[in-house]
Each structure stands twice: as C-alpha cells, then as structure tokens.
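Below are my notes on what I looked up, entry by entry.

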Amino acid sequence: MEHELLHARYFASESYRQAVGDFWRETLSEEQRGLIRREFGTQFNARNEDLMINEFQAYLLQSRPPLWLTGLRGLLRPRLLEHLAARGEPPNVFVRHWRVSL
C-alpha cells in the first residue's frame with residue numbers, strides 16, 4: 001500500500017514530480033539510470049522515462065526494502081530524501097495521512 005501511495009504523491013503534485021525528475025536527471029549517472037532501466041525493464045516499459053522515474057521513486061522510498069535496487073538503495077535513498085526535503089517536498093505526505101486514517 002505504501003508503494004502505491006508514493007505513486008499517488010508522484011501523480012498528485014507537479015512540484016514533487018519535478019523534484020524527483022530533477023534528482024533522476026542531475027544526480028544519477030547515465031550508468032545508474034541504465035542499471036535501473038535494465039532492472040525495471042523486465043516488468044515495465046523501460047523506454048517510458050516518466051514510468052521509470054515514477055517506479056524508481058516508489059521502490060526507493062518505500063520503507064520496506066524491495067528486492068529491486070538492492071545495490072543502489074543504500075546510496076541513493078538518503079540522497080533522494082535530502083533532495084526532496086530541500087525542495088520542501090516530503091514523500092510521505094500521503095503515507096502519514098493513510099496511517100493516521102486507519
């Protein structure tokens with residue numbers, strides 16, 4: 001459920017989507033983006049850049065570590081969280097609301 005709420009955050013906020021996209025383009029190397037495309041390409045259309053960015057942020061930011069991105073998670077998750085905080089775009093807005101609503 002948390003993973004899907006991160007997708008909702010991505011779709012609901014243009015500024016959040018922009019911040020995640022900027023991180024993807026400015027922080028990740030082409031090699032890292034290629035690795036992510038290859039890993040996600042078995043399940044998703046790797047030629048769809050927006051889809052890759054969206055899945056990347058949802059898998060990277062969910063609290064339960066996924067099997068995907070295991071090598072990059074420890075390196076990139078704290079950096080993405082810092083990037084989003086600096087932009088005033090915390091990823092857990094919906095997640096926090098959802099937990100309180102239960």
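**Ground rules.** I took helices as DSSP runs of H or I with at least four residues, and strands as runs of E with at least two, numbered from the N terminus. The model is predicted, so I noted that local features need pLDDT of at least 70 and side-chain atom pairs count only at pLDDT 80 or more, while totals for chains, interfaces and linings use all residues. Residues are numbered from 1 along each chain as its sequence is written, and side-chain values use heavy atoms, with hydrogens and water left out.

**Entry 1: salt bridges.** I counted a salt bridge when a side-chain nitrogen of Lys or Arg is within 4 Å of a carboxyl oxygen of Asp or Glu. Side chains of opposite charge can pair when their charged atoms come close. How many salt bridges does the structure hold? I found seven.

I looked up Glu 14 and Arg 17. Their side chains form a salt bridge, at 2.6 Å from N to O. Both sit in helix H2 (residues 14-26), and because they are three residues apart there, about one helical turn separates them.

Next I took Asp 22 and Arg 87. Their salt bridge has its closest N and O atoms 2.8 Å apart. Which parts does this pair tie together? Asp 22 is in helix H2, and Arg 87 is in the loop between helix H5 (70-86) and helix H6 (93-101), so the linked parts are 65 residues apart in sequence.

I then checked accessibility. I used buried for under 20% relative accessible area, exposed for over 50%, and partly exposed for in between (1.4 Å probe, protein chains only). Asp 22 is buried at 11%. Arg 87 is partly exposed at 38%.

**Entry 2: around Arg 33.** Arg 33 is in helix H3 (residues 30-40). Its side chain meets that of Glu 30 in a salt bridge of 2.8 Å, N to O. Buried or partly exposed? I noted Glu 30 as partly exposed at 48%, and Arg 33 as buried at 12%. Glu 30 and Arg 33 also belong to a network of salt bridges with Arg 37 and Glu 49.

I listed contacts too, meaning heavy atoms within 4.5 Å. Neighbours within four places in sequence aside, Arg 33 touches Trp 24, Arg 25 and Leu 28.

**Entry 3: aromatic rings.** I paired rings of Phe, Tyr and Trp (its six-membered ring) if their centres lie within 6.5 Å; planes under 30 degrees apart are stacked, over 60 edge-to-face, and the rest tilted. I searched the whole structure and got five aromatic pairs. One of them, Tyr 10 with Phe 11, is edge-to-face, with centres 5.9 Å apart and 80° between the planes. Tyr 10 is buried at 1%, but Phe 11 is exposed at 56%.

The ring centres of Trp 24 and Phe 56 are 5.4 Å apart and the planes stand at 65°, so I wrote edge-to-face again. Trp 24 is in helix H2 and Phe 56 in helix H4 (residues 49-61), so this pair ties together parts 32 residues apart in sequence. Trp 24 is buried at 0%. Phe 56 is buried at 0% as well.

**Entry 4: a charge over a ring.** I counted this when NZ of Lys or CZ of Arg is within 6 Å of the ring centre and within 35 degrees of the ring normal. Arg 17 lies over the face of Tyr 10, 6.0 Å from the ring centre.
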